[in-house]
Amino acid sequence: MAINREFVGHEFSAGAPYEVTRGKIREFAEAIGDPHPAYRSVEAARELGHPDVIAPPTFGIVAAGAAAESNPIRRPEFGLNMRLVVHGEQQFRYERPIRAGDVLTATGRIAEIRDAGSNELVRVETEIRDAGGDLVCTAVNVIVSRGTAAGAGE
C-alpha cells in the first residue's frame, strides 16, 4: 500500500508547550554519554556566553517529539506500515541553543513524500519555537518506507 500523498503540507502540533529544565538537559546529556560541562553547570554555560545550561544538539528531538502524538503518520489513512519503516535521516538546524528555562512549542509539517527506487521517503519538518514565538530549531526527519513505492516488486 502506497503512502497517501494528500498529506503533503499537513501540519500538526503538540497540545501543550514543553518546558526545558536543567534536570532534563542533564539527564539527556547523561543518556547520550556527553560530558560537556555546559550541559550541567550554569557557570560553564555562562563562560561560553549563555545565560543558563544549554542542551546537547540532539536534544531538539525531545522538543520535536512533543508533537509526535498528533503526527499523521500514525493514522491508518496515511498508509504507512510501521513494520516496513526505517529511520533514514535526522538533521537539526539551530537558530540558537536550547537552554534551561525555555518553554518550547513544536509544529510539524509533512514536507515531502516521494519515491526513491522501490522505497518511499517521508520528510517531516518540525519547527521548535520559544515562548516569544522565535524560531529556535528546525528538526528534519526522513523516514523510509521500504518497498512500497509505485512499481515496487515489478
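Trainee: Where is the place of Ser70?

Mentor: In this predicted model, Ser70 sits in the loop between α3 (60-65) and β3 (85-94).

Trainee: OK, and is Ser70 buried or exposed, or partly exposed?

Mentor: Ser70 counts as partly exposed, because its relative accessibility is 27%, and buried would require under 20%.

Trainee: Which residues is Ser70 in contact with, leaving aside its neighbours within four places in sequence?

Mentor: Those contacts are with Phe12, Ser13 and Ala14; although Phe12 and Ser70 are 58 residues apart in sequence, their C-alpha atoms are 5.9 Å apart in space.

Trainee: And what does the side chain of Ser70 reach?

Mentor: The side chain of Ser70 comes to 2.7 Å from the backbone oxygen of Ser13.

Trainee: Switching topic, which residues does the UniProt domain annotation cover?

Mentor: According to the unreviewed UniProt entry, the annotation "domain: FAS1-like dehydratase" runs over residues 7-138, a span that is 17% helix and 33% strand, with its end C-alpha atoms 20 Å apart.

Trainee: Now strand β6, how many of its residues are buried?

Mentor: In β6 (residues 135-145), 9 of the 11 residues are buried, so the strand is largely enclosed by the rest of the structure.

Trainee: Which strand pairs with β6 over 10 bridges, and which over 9 bridges?

Mentor: Strand β5 (residues 119-129) pairs with β6 over 10 bridges in the antiparallel sense, with Val122 opposite Ile143 of β6, while β3 is also antiparallel to β6, over 9 bridges, and there Val86 stands opposite Val144 of β6.

Trainee: What about the hairpin of β5 and β6, which residue takes a positive phi?

Mentor: That residue is Gly133, with a phi near 90°, in a hairpin that has 5 residues between the strands.

Technical notes: Residues are numbered from 1 along each chain as its sequence is written. This is a predicted model: local features need pLDDT of at least 70, side-chain atom pairs count only at pLDDT 80 or more; totals for chains, interfaces and linings use all residues. Side-chain values use heavy atoms; hydrogens and water are left out. UniProt positions are given in the numbering used here, feature names are shortened, and annotations may be inferred rather than shown by experiment. Helices (H or I, at least four residues) and strands (E, at least two) are DSSP runs, numbered from the N terminus. Buried means under 20% relative accessible area, exposed over 50%, partly exposed in between (1.4 Å probe, protein chains only). Contact means heavy atoms within 4.5 Å. A polar contact is a pair of N or O atoms within 3.5 Å; within protein, one must be able to donate a hydrogen and the other to accept it, and residues adjacent in sequence count only if both atoms are side-chain atoms. Two strands pair if DSSP finds at least two bridges between them.
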